[in-house]
Amino acid sequence: MSAEPVIQARDIVVEYPGHPPLRAVDGVSFDLYPGEVVGLVGESGCGKSTMARVLTGLLKPTAGEVSYLGQPLRPLGIGGRAPELTGIQMVFQDPGSSLNPRRRVGKQIQDGIDTAAKRMACLGQRLSRDDPAPIDPAEWLVRVGMQASDVRRFPHSLSGGQRQRVATARALAARPSVLIGDEPISALDASTQAKVAHLMGKLAVSQGACLLFISHDLSVVRLIADRIMVMYRGRIVERGPTAEIWSEPRHPYTKALLGAIPVPDGAGKLPAVADPGVAYPLEEADRTG
Amino acid sequence: MTALLRIEDLTLGIKDEDGVTPILRGISLDVAAGQVQGLAGESGSGKTITGMTVMGMEPAGSVTSGHIWLEDTDLLALRGKELNQVRGQRVGMVFQDPSASLHPQLTVGSQLTDHVRYHLKLKRAAATDLACDWLERVGIPGGRAVLRRYPHEFSGGQRQRIAIAMALACSPGVLIADEPTTALDVTVQAGVLALLRELVDTLHLAVLFVTHDLGVMSAIADNVAVMHDGEIVEAGPREQVFTNPAHAYTRSLLASLPGAKGGLLSRADLETLGGGW
Ligand SMILES: Nc1ncnc2c1ncn2[C@@H]1O[C@H](COP(=O)(O)OP(=O)(O)OP(=O)(O)O)[C@@H](O)[C@H]1O
Ligand SMILES: Nc1ncnc2c1ncn2[C@@H]1O[C@H](COP(=O)(O)OP(=O)(O)O)[C@@H](O)[C@H]1O
Ligand SMILES: [Mg+2]
Ligand SMILES: [Mg+2]
């Protein structure tokens, strides 16, 4: 990869207090580059959301360090997010909970635009009409496949897929260099999942941002991600270009995961069942050579 | 093949102050013993309400017409005690969220044994034996000790297996399964699907299987019906519906899916998707 990474995560460990403490993330390192779509996949409880919270500065890791644009990421203080951190934006699973039910959609997208303006002001820059990202909420709505007139609507009158489009518009209007989607399509109808996922990737990349797409649905991730990282019990056990992982998974856990996906081909074939008692190795699969 | 469950021109509307809102507009389906009838379609199309109505659990204010034949009994005509006897004993149900069928504060054993004692009028010892047999059958190891445990002590997949045992313990002929694997991880889902298929084959159940996941549908259903706005727009044998869909709505559904015939196979295909819903 040519450019500098936007995010560098090094040896991240997160333990939640308890007796004994629960190690949710167990030594994870990766880099994210501008303009790429990276899928982070794995089953529920493997640590994906915990990792996302660390990357956004919402959670301080027990050990390890994240740097953002070459600077160590300072976790969120009492004063809220430092303006430079607004370059990392998130879209969550449930768009209902992240949008304000009492504010019109247009106003909420304007919040995103204002966030970008504030951050750029800190850097002595200004938003301009010539930029690839619109500075008008109505234009954003059109870009995510809605109507300009939808600016006046309230979130409750929108379908789940439309709300997720609005949440995506608001996040991207803040002109992040990293967009993190934590299961952003899980609550949507099957027929709109691929559309919304594709839209997130395409728009993020078109403005030079990186999309980290967290999901347990590999069949959609497969279509939109350039690279995939497979997480199991707090570790990344396999990573590589999507097509290569798909055609030749090497880690036994990746194989089990891919084998369990039911294919909508009408063949009436039950997916392979793995032994429920099996514990997979925690070492990352070697994909060199 | 004769149908064990026969839904005939079922309509359902929900009455409120403004009148009656139509929800189901004439549903007809035949499900034979040993067959899984899949029910797909977008959110709000009426899949859950169809299953709930077979179970005699339609929403308050429902106005229905048509017939739901279970052998010679019209379930739609039953009321009160008669309906209670059928529900749970001749028709079992499994939901997306197993906590809908399992009480969090009661042990698994007491729920299973109460259920079979009520419907099958068994003595305590016989009910306990039956409960144990069922837990073993659905793949929950541990024998009698398991009966003393509470639902939260089990994983999501195990809870769904216990809910399946509850639904089948009185040997119903019909099982309604509404998104039974949607909340599970794919590897866990694979195990539950295999279990369900084995139970259908050995117990000759007639199953109405609701899911919007067409991958799951393709794995388990023998016949597939696709609903849209309270109507069945397409119905037929699984392979035919998946590989040669007759209705434009079914085609658009398949076209939006990764891995389906005519569906999304590569990133380039995503570009062909419209902005519509
Ligand atoms: N208790 C209720 N009272 C009034 N209307 C209801 C009730 N439950 C459902 N509906 C309406 O009936 C229609 C069908 O709902 P249903 O739950 O059967 O959809 P579904 O196909 O199962 O959707 P999903 O895939 O989202 O589960 C919807 O328009 C819904 O809003
Ligand atoms: N706030 C928390 N306190 C304690 N444990 C937590 C908390 N959040 C998550 N966990 C635990 O950490 C592990 C990883 O969780 P999470 O990151 O949410 O996984 P995923 O997003 O992959 O499903 C799980 O065992 C979960 O129960
Ligand atoms: Mg999560
Ligand atoms: Mg439903």
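In the predicted model described here, helices α3(A) and α5(A) are roughly parallel to each other, a term applied to angles under 35 degrees, with those over 145 counted as roughly antiparallel, 65 to 115 as roughly perpendicular and the rest as oblique. The axes of α3 (residues 105–122) and α5 (residues 160–173) of chain A come within 7 Å and cross at roughly 25°, where axes are lines fitted to C-alpha atoms, for helices over the stretch in contact, and angles run from 0 to 180 degrees between N-to-C directions. Helices (H or I, at least four residues) and strands (E, at least two) are DSSP runs, numbered from the N terminus. On the α3(A) side, V105(A), Q108(A), I109(A), G112(A), I113(A) and A116(A) meet V166(A), A169(A), R170(A) and A173(A) of α5(A), contact being defined as heavy atoms within 4.5 Å. The residues of this contact divide into seven nonpolar, two polar and one charged, with Ala, Val, Leu, Ile, Met, Phe, Trp, Tyr, Cys and Pro taken as nonpolar, Asp, Glu, Lys and Arg as charged, and the others, Gly among them, as polar.

Residues are numbered from 1 along each chain as its sequence is written, and chains are lettered from A and ligands numbered from 1 in the order in which they are written. Because the model is predicted, local features need pLDDT of at least 70 and side-chain atom pairs count only at pLDDT 80 or more, whereas totals for chains, interfaces and linings use all residues; side-chain values use heavy atoms, with hydrogens and water left out.

Chain A also contains an open sheet of four strands, in the order β2-β1-β4-β5 and with antiparallel pairing, two strands being paired if DSSP finds at least two bridges between them. Strands β2 (22–32) and β5 (71–72) of chain A stand at the edges, each with a single partner strand, so that one side of each lacks a neighbour in the sheet. Eight bridges join β1 (residues 7–16) of chain A to β2(A) in the antiparallel sense, and I7(A) has L32(A) as its bridge partner in β2(A). Helix α1 (residues 48–55) of chain A packs on the sheet, where it touches β1, β2 and β4 (63–68) of chain A, and its direction makes about 120° with that of β1(A).

In chain B, β6 (residues 91–94) and β7 (residues 174–178) pair in the parallel sense over four bridges, V91(B) having V174(B) as its bridge partner. L184(B), in the loop between β7 and α6 (186–203) of chain B, is buried, with a relative accessible area of 12%; buried means under 20%, exposed over 50% and partly exposed in between (1.4 Å probe, protein chains only).
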